[in-house]
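Thanks for coming. I will walk through one model today, chain by chain, and keep to what can be read from it.

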Amino acid sequence: MTEASAAHTAEHPPYLAHHFTDIEQQNESGTLGMWLFLLTEIMFFGGLFATYAVYRLKYFEGFHEGSHHLSVQFGALNTAVLIGSSLTMALAVRSAQLGRRKAIILFLILTMVLGVLFIGIKLNFEWSADYHEGLIPWMGFHVEGANAAAVRLFFCFYFFMTGLHALHMVIGLGIMCVLLRMAAKGRFDSGYFAPVEITGLYWHFVDIIWIFLFPLLYLMGGRY
Amino acid sequence: MLMLGPHSELIAALQASPGIPIFPPRASTVAEGVDQLHYFLTVLTLFFTFVIFTVIFYYMVRYRRRSEDEQPPATRTLMSLEITWTVIPTLICVLVFGWSASLYFRNANPPNASMEIIVIGKQWMWHIQHPEGIREINELHVPVGVPVKITMTSQDVIHDFFIPAFRVKKDAMPGRYSSMWFQATKTGTFHFFCAQYCGQGHAAMIGWVHVMTPDDYAAWLAGTTRGETMTQAGERLFQQYGCVTCHVADGSGRGPSLVGQFGKPQKLRDGQTLIVDETFLRRAITQPNSMPVPNYAPVMPSFQGQLNEEQILQLIAYVKSLGGEERKAKGQ
Amino acid sequence: MSAALAEAPPETRVHYLNADYGIKSWLLTTDHKRIALLYLASITLMFFVGGFMAVLMRIHLIEPAGALVHPDTFNKLFTMHGVSMIFFFLIPSIPAVLGNFLVPLMVGAKDLAFPRINLLSWYVFIVGAALTLTAIVSGGVDTGWTFYTPYSTTYANSQVMLTALGVFVSGFSSILTGLNFIVTIHKMRAPGLTWFRMPLFLWAIYATSIIQVLGTPVVAIAIFLVGLERLFHVGIFDPAVGGDPILFQHLFWFYSHPAVYIMILPGMGVISEIITCFSRKKVFGYHFVAFSSMAIAVISFLVWGHHMFVTGMSVYAALIFSVLSFLVAIPSAIKVFNWTATLYQGSISYQAPMLYALGFIGLFTMGGLTGLFLASLATDVHLNGTYFIVAHFHYIMVGGAVMAYLGGIHFWWPKITGRMYPDTWARLAAAIVFIGFNLTFFPQFMLGYLGMPRRYATYPAEFQVLNVMSSAGASILGLGYLIPLIYLVWSIRYGPIAPANPWRAKGLEWETSSPPPTQNFDVPPVVREGAYAYGPPGSELEGAHD
Amino acid sequence: MSTHVVPVRVYVTVFVCLMVLTATTVSVAYVNLGAFNTLVALTIAVSKMLLVVTFFMHVRYSSALTKVMIAAGVIWLMLLMAFTLADTGTRNIPLQPEGWGEATVAPSTNR
């Protein structure tokens, strides 16, 4: 995903790109580059959150009623799964710092399993249930009642935000497959682990987005 | 702020002269103030641009390079100079902001006895509706000296009702009412345009404002064949769509009585209190259930799509005429 | 240090142009200098696509009833002129061409922090440009470059989706360029190059990159929502279903106003370099000019409401936006005063870059001050949506950004190609551009005050005189832009060989040979003196204290 | 850049805190606090975010530049929301300039 995963052999230490003076500079640049990318992601999701906030204030009852159609149990379970995957990712980064190859592979696999579990729960327990309940705005949406239009708008936001989040998770899982292959070939050691750490930053960010999505979409102003 | 007043004869003379048009006609009470601010800013712009150009030109000549290895002295940073040309522009900006904001807010609200006119923007024409029932397309007849309040909306995309001679403009936004006002000071015929891009016929949405003396206006008013007034049309629709069955005058029906409601605050079930005005009524007609009223069941059907913008405005005119915060003196 | 090497004629010496040959060496390069040339070629193409449409529009507007095209085609012309000029020329022009080429050289590094992401940003730009060009060829889009809803979502039936996708994709190219520059300036400065010894061009590029990184994603999400709205009719911006069209304008202008500073800030950086070099003096008030770039980057995000004063937005919010719009003019004023003061007691020479720079200062002052008309609530009500706005932003974009871009291209041409351009022709072209520009856009200020709305294919007869003058000016301006294209391309092959430092300028990029070797510096540079140390020797050794 | 290795104990405690916070935010949601529900949910979400950022993403051990950058991102998002809500929130408040001119009787909304 970023430059750091470009560790090719050069005359000096194998993983140092030609245009950097030392490994310290390369690692700092990689981390700073990822944080800047996460900044753009904050503003990208931020645009959606701002639009959501405006409409939530404008159509409070409709959004409130819309969020009642969502099941809090699966939302909470997904949050726990994603926080768990954040933990295993942090441990993977830690074992990369210490150069323990087997531990990296173990924790990476654990993180990917939890990630797939999250998407699995999302797909067939939440989205398909919403489909059968007729909650997808552009696929047979039939919700009657006073503020059906606002509920429809709520579900547009629900599917846009969770869809965009799921897309980012799929990208994260893809990167982790590449990491797994590199770890299996023993490319990481305590001197060179930047790719693992940068992917870790990305994964924790995706977790933070869900940490905000869950209360804003599911617990919308209380479930009483 | 009136320092430019005495020059108005000069400006009037220039306006009359043929050749390159420079000054738009000035035909409304607002135009005077806006023009003075505009001239002040023009003078400010030309002055600073002139100063910068002359200083640069002088330096270019005075300090042109005489020989290739000429060594200019080192640059000294004069903090005093830096501060002056930071503070002075800030002061100018704050002053001009104060002047323009006060001018804008003083003219934001229409004066009390305004003549109400409804303007509906449609893709590529302006539909204008007088309260007396006269409907005009791309034409607007108004008496001189009378403040005219224009309430506007759009039936499709965003349009913008712009009368250059009066220096007023407002977007006609679909799904909402926005309003502006002007008071004509000169009789004559002036252009009005659509100033927000709205598709293929954007350039065709041009019309004429005819400002007439009061008696010409009265003659025009009497002369034109007049359909039913807005209120009469509203009453007819009130019967036709069965509103009367629920909104019984004495409040005994399933819906609340509408007599004397316009302009009064109305408490909703979720605790919000809104003032019963055009927007409230429009939302009540198109999305009734989104604003449930205490001790009445939200059973009213939505009329979204059945009534067009014009009919909604006629119903609102009828509800207004049922008493309540009625505007006291009518324009004429 | 590399004096002997630099004197050898470019043909025999290995540099980034003759180090490698063949299509693959260009299309798969990670050398920031080659990527800068790839960008130079692609944005020049998009500039002349947009320019061609401008010429068609000006010819069409000679007659009140429209002389050339059907109104529908006119709507497509001004939309595509806007989209191709803004997203595919002005935003990438100075950052992607001059920035890509010069940032590593000025910083004293071998390359940008992420060379491969730099190549990726060019490919993303090309994909965006290709999508937009296919949209233009296959029917065009007629929503205006602003894509205002509900017209763009429900009523327009032209190629809105394809253009929106093209603009969405090209936004990421801008993000990646900004990201690359920020990391490079932070992490890869040569030893001794502290922040206050950096050239002001780097300060301007740094401020621009902050805007690119923080602003572009919001317009990406806005255009993404317009695309979803057209696909699924979900009603986010459709008032019939309860959406709010003004909300789209908020999201759009949150980026698009800072975007105008993305277009002008790098231009200001180029002007600081040219003014100091050709008057042979250190810039007046270095710290003030540097911090004014950063101030512009911050305040530019707080002022977008002045685009929406007449949409019926809240009067209170309009008040806040109005006062902030006035304050954003202050940093630009500081810059103009400092540039003018730099000329004092200088030794000024008038090659083409200096003519462009002096033209920039005059026209940018005019453009900036006309912005005050639009920041003030009372006059904006009259002038919004008229030709006054068209004149204002063209004075900033064409009078400012394009003049600075041309000045920069001429100033660094010997460094980029190793060849000198013919200066007499260049001065003539600069004069023609200056005259043509003023004749084209000054009448439009008067048209705006008279009340002629913008984006009109046909107009009432009383505006014709000024429109004819504007069209006349446009033909001169068009000619003025063709001349540099010709003699610059000619100079690549036939221009005289340029020495390493033809203008005797200060700055790390002038200490390496022209054109520089692939690794930029034969010996990694160490900085010992401040920026623009043109003063008498010894007077500004430290350079960091003043 | 964190060559600083964080002990597993810290990671696990942070993980437990996150789980506890998730449980609290879900249980609090079932209690009717009126408007405060949203406030509580948001403060819990922000605190969880801070936990993840400082410990899992090593920001606690990294340079001030990274901290400034994160702050800038959050502030810019707040700017977007604050100014947009400043408009949508106050759009329908009628303008009643008491001293400045004759107030209209029927408040003209929707300026």
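In chain B, 67% of the contacts with a separation of 6 or more are between residues 24 or more positions apart; two residues are in contact if their C-beta atoms, placed from the backbone, lie within 7 Å. Before I go on: this is a predicted model, where local features need pLDDT of at least 70, side-chain atom pairs count only at pLDDT 80 or more, and totals for chains, interfaces and linings use all residues. Residues are numbered from 1 along each chain as its sequence is written, and chains are lettered from A and ligands numbered from 1 in the order in which they are written.

Chain B has eight helices and twelve strands. Helices (H or I, at least four residues) and strands (E, at least two) are DSSP runs, numbered from the N terminus. Of the 332 residues in chain B, 37% are buried. A residue is buried if 20 or more other C-beta atoms lie within 10 Å of its own, exposed if 12 or fewer, and partly exposed in between, with C-beta atoms placed from the backbone.

The contact between chains B and C takes 70 residues from chain B and 79 residues from chain C. On the chain B side, the elements giving two or more residues are helix 2 (29-62), helix 3 (79-106), strand 6 (159-163), strand 7 (168-172) and strand 9 (188-194). Helix 2 of chain B supplies the largest share, 15 residues. By type, the chain B side divides into 42 nonpolar, 17 polar and eleven charged residues. Here Ala, Val, Leu, Ile, Met, Phe, Trp, Tyr, Cys and Pro count as nonpolar, Asp, Glu, Lys and Arg as charged, and the others, Gly among them, as polar.

One residue to look at from the chain C side is C:P536, in the segment after helix 17 (464-494) of chain C. Leaving aside neighbours within four places in sequence, C:P536 is in contact with B:Q71 and B:A74. Is C:P536 buried or exposed? C:P536 is exposed, because it has 11 other C-beta atoms within 10 Å.

**Inside chain C**

Next, helix 8 of chain C, residues 200-232. Helix 8 of chain C is mostly covered, with 28 of its 33 residues buried. There is a kink of about 30 degrees at C:G215, shortly before the proline C:P217. The bend at a residue is the angle between axes fitted to the seven residues ending there and the seven starting there. Just after this helix, C:H233 takes a positive phi of about 45 degrees.

Another positive phi, near 50 degrees, belongs to C:R280, which is not a glycine. C:R280 sits in the loop between helix 9 (245-279) and helix 10 of chain C. C:R280 is buried, because 23 other C-beta atoms lie within 10 Å.

Chain C also has cis peptide bonds to point out. One runs from C:T149 to C:P150, with omega near -10 degrees, and another from C:S514 to C:P515, with omega near -15 degrees.

**Chain C against chain D**

Helix 11 (residues 315-327) of chain C and helix 3 (residues 64-90) of chain D have axes that come within 7 Å and cross at roughly 150 degrees. Axes are lines fitted to C-alpha atoms, for helices over the stretch in contact, and angles run from 0 to 180 degrees between N-to-C directions. These two helices are therefore roughly antiparallel; angles under 35 degrees count as roughly parallel, over 145 as roughly antiparallel, 65 to 115 as roughly perpendicular and the rest as oblique. The contact uses C:Y316, C:A317 and C:I320 on one side, and D:F83, D:A86, D:D87 and D:T90 on the other.

C:L302, in the loop between helix 10 (286-299) and helix 11 of chain C, touches C:L324 and D:L79, not counting residues up to four places away in sequence.

**Chain D**

Chain D has three helices and zero strands, and 29% of its 111 residues count as buried. The axes of helix 1 (residues 8-29) and helix 2 (residues 36-56) of chain D come within 10 Å and cross at roughly 170 degrees. That makes helix 1 of chain D roughly antiparallel to helix 2 of chain D.
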